[in-house]
Amino acid sequence: MPDDTPSSPDARPSNERRHAPRSPLIFRTDAAFPPLPQSAVEARGWCLDALRGWGLVSDFSAALAVCEDLVSFAVQFGTGEIEVRLSSGPRRITISVSRHGLPLGQPLPEEQRKLLTRVGALASSWGVRRPRGDIGTLWADVEVQP
């Protein structure tokens, strides 16, 4: 299926995969970022570009902060690239961040707990899952007003 998701080709990482919308209200895009501190800010910018490219006009500052915090968390734990998935649906944006070896269900240092506390405050729901092997995924749904 050809990709008809609006985008700016210069604004996304070269390894990003875009997917055509399943319905007029749902968009999805994925990208991978290196495990570097600046990746959190780069992921925030990528998220902003995607949301604008989808034509969303809501205040999505909470979604941008959640994306940055989840990637910041993933930078500090695990191995390999950080996979980020962004999707929109009616009145929500979902951000999922996956990486090999994320410490799901383990006690965390104070700094990392603060990141996840902010995610919990901004998100309507959030959680963790281990979809395959040793890959851990942190996800959050953020409500947006039309």
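Me: To start, where is aspartate 69 placed?

Reply: Aspartate 69 sits in helix α2, which covers residues 61-76; helices (H or I, at least four residues) and strands (E, at least two) are DSSP runs, numbered from the N terminus. Please keep in mind that this is a predicted model, in which local features need pLDDT of at least 70, side-chain atom pairs count only at pLDDT 80 or more, and totals for chains, interfaces and linings use all residues. Residues are numbered from 1 along each chain as its sequence is written, and side-chain values use heavy atoms, with hydrogens and water left out.

Me: Is aspartate 69 buried or exposed?

Reply: Aspartate 69 is buried, because its relative accessible area is 3%, where buried means under 20%, exposed over 50% and partly exposed in between (1.4 Å probe, protein chains only).

Me: And which residues does aspartate 69 touch, leaving aside neighbours within four places in sequence?

Reply: With those neighbours set aside, aspartate 69 is in contact with Leu115, Arg118 and Val119, contact being heavy atoms within 4.5 Å.

Me: What about threonine 117, where is that found?

Reply: Threonine 117 belongs to helix α3, residues 110-122, and it counts as exposed, at 54% relative accessibility.

Me: New topic: what is the phi of arginine 91?

Reply: Arginine 91 has a positive phi of about 65 degrees, although it is not a glycine. Most residues other than glycine have a negative phi. Arginine 91 lies in the loop between β3 (79-89) and β4 (92-100), and it is exposed, with a relative accessible area of 57%.
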